[in-house]
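Open the model in a viewer and follow the stops below in order. Each stop gives a selection and what to look for there.

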Amino acid sequence: MGLTVEDFLNECQQSGDAAYAAFRSLLDRLENPTTRVDARIFLSLLQNRFASSPSKLAADQFFHSFHFRIDDILLDQYQGYQGRKKLTTMVIPSIFVPEDWSFTFYEGLNRHPDSIFKDKTVAELGCGNGWISIAIADKWLPSKVYGLDINPRAVKISWINLYLNALDEKGQPIYDAENKTLLDRVEFHESDLLSYCRDHGIQLERIVGCIPQILNPNPDAMSKMITENASEEFLHSLSNYCALQGFVEDQFGLGLIARAVEEGIAVIKPLGIMIFNMGGRPGQAVCKRLFERRGFRISKIWQTKVIQASDTDISALVEIEKNSPHRFEFFMGLSGDQPICARTAWAYGKAGGSISHALSVYSCQLRQPNQVKTIFEFLKNGFHEISSSLDLSFEDDSVADEKIPMLAYLATVLKESSVFPYEPPAGNKRFRDLIAGFMKTYHHIPLNADNVVVFPSRAVAIENSLRLFSPRLAIVDEHLTRHLPRQWLTSLAIEHTGSDNLSEDILTVIEAPRQSDLMIELIKKLKPQVVVTGMAQFEAVTSAAFEHLLGITREIGSRLFLDISDHFELSSLPGSSGVLKYLAGTQLPSHAAIICGLVKNQVYSDLEVAFIISEEEAIFKALSKTVELLQGITAPISQYYYGCLFHELLAFQLADRHALTKRESQKDNSMEMIGFASSAISVLNSSELSINEAKNTSLIYMDVDQSFLPLPSPVKAAIFESFARQNLAESEIDVNSSIRQYIKSNYGFPTDSGTELIYADSSLALFNKVVLCCIQEGGTLCFPAGSNGTYVSAAKFLKASIVNVPTKSGEGFKLTEKILSDVLETVNKPWIYISGPTINPTGLLYSNTEIECILSTCAKFGARVVIDTSFSGLEFDSESWGGWDLEGSLSKLNSSGSPSFGVSLLGGLSLKMLSGALKFGFLVLNQSHLVDTFYSFPGLCKPHSTVKYAIKKLLGLRERKSGDLLDALAERIRTLSHRSKRLKEVITFSVPNAKPENHA
């Protein structure tokens, strides 16, 4: 080298920086093959000089004088394949000095079997002087070990230590049993945690880490640039302290570990293992939860106590205790067994006492690695703020097996879909394909998606089916009548005496026992036109009872809807079902359909979706349209959830492995069956409801109540967080106060303590219940010309009395006092439907004065008013509008007008914020007798708790004027304004004389 040992020591003696510079120059020589041997021999001379001062005192003095130290780390019983009993390593003041913390970690590594690292790709985080990386490579012969540290000086010293142990004292390579050296197996790199591996596309099989777990008491110090030339004190602090990382675990000093784990998820192979040293100061439960909530199975492979390092200031932990109820765990000396808090430990240590803490080594493996990777890939792309809500810890594996795939699928959908696609009324095509696939694979029934119609719930499926046929008399299993309209269950029209005009408007439901022989006896005697029933457990095992029901209903001309919900199992080993066995061999007769409600999931007892199976095309189409008319569509999230369950049961199956047997067709020798109700036929044949599915996803549907605009990031975050959380508190899903504030700030509508707020999956479903209230009171619905066609069709389907209010296109289809008065003078018990503030179909807005005038006219005639705000909220010509403030005017009208006068407010958030991702509608009722009437029509499909959580979150952001959400809504309005302008240009160009309105 041209430099003697004495010259080298003189350089080192000047300062720590000078010593580092001297070793940096020595490393350059080691890295050069032509000077490597001489450099290694020089290291041996240095080592011998250091060995001449064997006592600890002398070694400490040497370290203080020359700013480096060379030590032997004795491995003893931890002998590697070459029988190496020790490693020779050096340290400098600016890097982590091996101590109990790292020795205990290595002991924990040794508790694993020898195969743990053999031929594996390994990364060590916070490698310090590199001794653990070198020891792993020496003992277990991994294919590669990457020692990583954020401290650039630590990385250089680690390379020197690698050469110290890879070459003998004469500079010759030391070969292992596979004829490789440590230089072949180990690399050291400067890296902020796993950034080196991530940036270089390195996939790891093992990640080990022994990294800081105490917040720096001087947060500003952690903001300095980390370079080789930084101060020794700062570089050494990187070994003891960490900065805030933006994780919930920061409050326990574990934020850096949390970030390491999440970065590890991205680069570790599916069967990989992470092993971390965990100080027990925050408590064992906190340490375990850090891993478990991120989807890991953990095992504690080693635990002991170590003395708290004297150069580590725990005052940051004292500060955390001051500001939170959490208490850290320390012990007085190594023999103490009663934990003391950080404040007591700090005081005891300041007084000269020795404090210790538990130290554990955790081995962690992802329980569903591919899905968990997908979840974290989604979170790191702009959704880190919701990672603190993620909870993948499950005591029951069956719960984990259900929820983790769902979260992964949801993450994929939210990541890849900027716009939620149009969902056909029959249900999500993928979901229906999965249902049909499950039936085909597990029950050998050759169904396809066009045999399956999806409904929000079993109750809705039953009610829609009965309304479609509108039988004079139906027999319904007593277990299935709870959600049917009360009027159906109390009607005595079966005993018609001739005093009234019996019509198809009267639907009578007779409750019947489920036992098939009793049910059949009732069918024979009463001859109902529709039968809805389930089957007793003992009868469901074979097909005999089902065949008997099919026979008797065919014989007398009854439609049969058989409910199999209680016997349908989403399992890879489903139980025996006589009905499904029958359908595997015989086609479902045209007069029969199968109903199945899905409620048997492991996570959400209240998350429901249902489907009806029919092999009759006309029935399939008609039932699909009832969903569109009465519900809109079934909530997509519910379909996604159960779709995941079906997918998990089908994903591992080989396609078409079992040939399907040719099924028999039953001879149709029945009496004439009841057809669709006349009101249903006229509505279902309407062209407005003939929406065909299209494979062209770029098609924009202008005839459905959904805006196909990009889903704002805050909405995606709220949806994902609602499922990522566990055990949602009631206060977190109580949307009442948020909705009241929303209604007040948008419409100035009164929502006092006497107001009833009702929620549903869609505003359409709520509107239809209001229609039923109108019918129940003998009222007449008055629709202004231009009103939403689906709403008008739904009212007709429900057999409401309807009057058209002839608003004029030249006035933007606005209601006026004169037009309204002319109609109300001729109508008995009027119910006025008003779309506002935005008017269909022109996009004009009712001013506060205009709506007050309309309401005053309605009050004069004692009309009930339903203001529908569902289509409002995205107006782009609203600068001069001024908003509504209806509270004062309604108070006057209610006190001076007719007692029958009342105003209900209908609305939703789907159009404004949710873009089809979530469905949510609300209804405000202010009259107690109307509330009672409304609740006499049960069966309303209410929003799931996850939906309400997301809605409350979004309304909170809106109230706080969150920039991201408001910016997204503003962008939507700009997009609509541009589209409106382009559409008008096209219309004007296509029809020269056309004069389109200049409004939204």
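Select strand E10 (residues 355–366) together with E7: six bridges join the two, and they run antiparallel. This is a predicted model. Within the pair, Met 274 stands opposite Cys 364 in E10.

Show Val 208 and its bridge partner in E7, Ile 275.

Now colour E7 (residues 268–279) by accessibility. Nine of its 12 residues are buried, so the strand is largely enclosed by the rest of the structure. Buried here means under 20% relative accessible area.

Next, move to the open sheet of seven strands. Its order is E18-E24-E23-E22-E21-E19-E20, with mixed pairing. From one strand to the next, the twist averages 20°.

Five bridges join E18 to E24, and the two run antiparallel. Show Ile 758, which stands opposite Leu 923 in E24.

For the last stop, go to helix H3 (residues 36–51), where Leu 45 is located. Select Val 37, Ile 41 and Leu 45 and display the surface: they form a nonpolar patch with about 200 Å² of accessible area together. Is Leu 45 buried, partly exposed or exposed? Leu 45 counts as partly exposed because its relative accessibility is 42%, and that class lies between the cut-offs of 20% and 50%.

Terms used. Residues numbered from 1 in each chain as written. Predicted model: local features only at pLDDT ≥ 70, side-chain atom pairs only at ≥ 80, totals over all residues. Heavy atoms only, no water. Pairing = 2+ DSSP bridges. Helix = DSSP H or I, 4+ residues; strand = E, 2+ residues; numbered from the N terminus. Axes fitted to C-alpha atoms, helices over the stretch in contact; angles between N-to-C directions. Patch = residues over 30% accessible without salt bridge, like charges linked within 9 Å, V, L, I, M, F, W, Y side chains within 5 Å. Areas by Shrake-Rupley, 256 points an atom, 1.4 Å probe, with all protein chains shown as cover. Salt bridge = Lys/Arg side-chain N within 4 Å of Asp/Glu carboxyl O. Buried < 20%, exposed > 50% of the residue type's maximum accessible area, 1.4 Å probe, protein only.
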